[in-house]
Amino acid sequence: MKSAVIVFPGSNCDRDIATALEDVTGTAPQMVWHGETELPAGLGLIALPGGFSYGDYLRCGAIAARSPVVRAVVEAAERGVPVVGICNGFQILTETGLLPGALMRNAGLNFVCRDVSLTVDNSQSIFTSGYRSGETIIVPVAHHDGNYFADADTLDRIEGEGRVAFRYAEDVNGSARAIAGLLNKAGNVLGMMPHPERRIEAAHGGTDGRRLFEGLLEAVG
Amino acid sequence: MKLRIIVTLKNGVLDPQGKAIQHALAGLGFAGVEDVRAGKIFELELADDTSDAAIDEMCRKLLANTVIENYRVERA
């Protein structure tokens with residue numbers, strides 16, 4: 001599977017996700033700088049990594065969402081190319097409008113950096129086919145602005161459409177309906193605050209994150 | 001021309017920073033601080049012929065996230 005990792009000034013999980021993708025797929029992803037206007041052809045996955053793109057200026061992900069390369073990412077997502085945004089990548093996806101809602105300051109105001117329990121809400125997507133619905137997995141979070149917000153109508157709609165991929169199984173950041181990971185309507189875009197790329201091998205303390213990429217590889221080929 | 005654009009959180013959107021500021025004011029001994037909402041102010045210097053439509057578009061496309069924020073434009 002060919003993949004690309006978008007690199008912004010201030011990204012800091014770009015090499016983690018690249019290592020994870022190379023480990024699982026056997027192919028190193030192409031690293032694409034934010035100023036590019038085109039993406040490589042034939043991608044099976046575009047990853048928007050965690051970090052603090054553009055120093056989190058204005059709002060987390062706001063400036064990155066308006067960068068040249070993200071216009072190409074939005075076009076690719078609309079054509080059906082799988083896109084995963086992790087942490088800052090999730091914030092960028094909401095700022096582009098590819099995913100609804102917004103990620104606000106954690107309810108407890110603290111930066112939260114620890115392993116958390118997640119429940120897999122929907123195991124039918126290309127990103128979650130490596131899990132069982134209702135299963136509890138452990139994946140680390142590291143964020144200050146992961147408090148998912150959307151209005152009640154939007155929350156009802158995304159829940160009704162089965163678009164919640166993961167929920168926090170414990171109180172982490174005050175997210176509405178404990179949403180930790182969210183799919184777009186077509187199911188080819190996933191945004192999540194937890195970091196599956198930090199749970200790839202036993203030395204990381206577990207491999208629950210690896211199964212996301214293995215499931216995706218199987219689904220996308 | 002000079003403009004001020006004031007961005008505030010919509011009603012119903014929880015504002016943890018505002019709450020923290022409220023608690024800090026109470027901690028300093030100020031009684032009766034019933035609510036605090038934090039926001040942002042942008043001061044823009046624009047060419048005189050900038051249209052209202054363009055200013056509105058700047059707010060909607062970048063300065064405010066209309067999922068969670070309202071904005072208003074004040075002319076100096």
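Helix H1 (residues 14–25) of chain A has 12 residues, which at 1.5 Å a residue should span 16 Å, and the 16 Å between its end C-alpha atoms agrees with this; the expected span is 1.5 Å times one less than the number of residues. Helices (H or I, at least four residues) and strands (E, at least two) are DSSP runs, numbered from the N terminus. This is a predicted model, in which local features need pLDDT of at least 70, side-chain atom pairs count only at pLDDT 80 or more, and totals for chains, interfaces and linings use all residues. Residues are numbered from 1 along each chain as its sequence is written, while chains are lettered from A and ligands numbered from 1 in the order in which they are written.

**Helix H1 of chain A**

- The buried residues of H1(A), including Ile17(A), Leu21(A) and Val24(A), are those with 20 or more other C-beta atoms, placed from the backbone, within 10 Å of their own.
- Just after H1(A), Gly26(A) takes a positive phi of about 85 degrees.

**The sheet of chain B**

- Three strands of chain B form an open, antiparallel sheet in the order S2-S1-S3, where strands pair if DSSP finds at least two bridges between them.
- Strands S2 (39–45) and S3 (69–75) of chain B each have a single partner strand, so one side of each is left without a neighbour in the sheet.
- Seven bridges join S1 (residues 2–9) of chain B to S3(B), and Leu3(B) has Arg75(B) as its bridge partner there.

Key
Buried ≥ 20, exposed ≤ 12 C-beta atoms within 10 Å, placed from the backbone.
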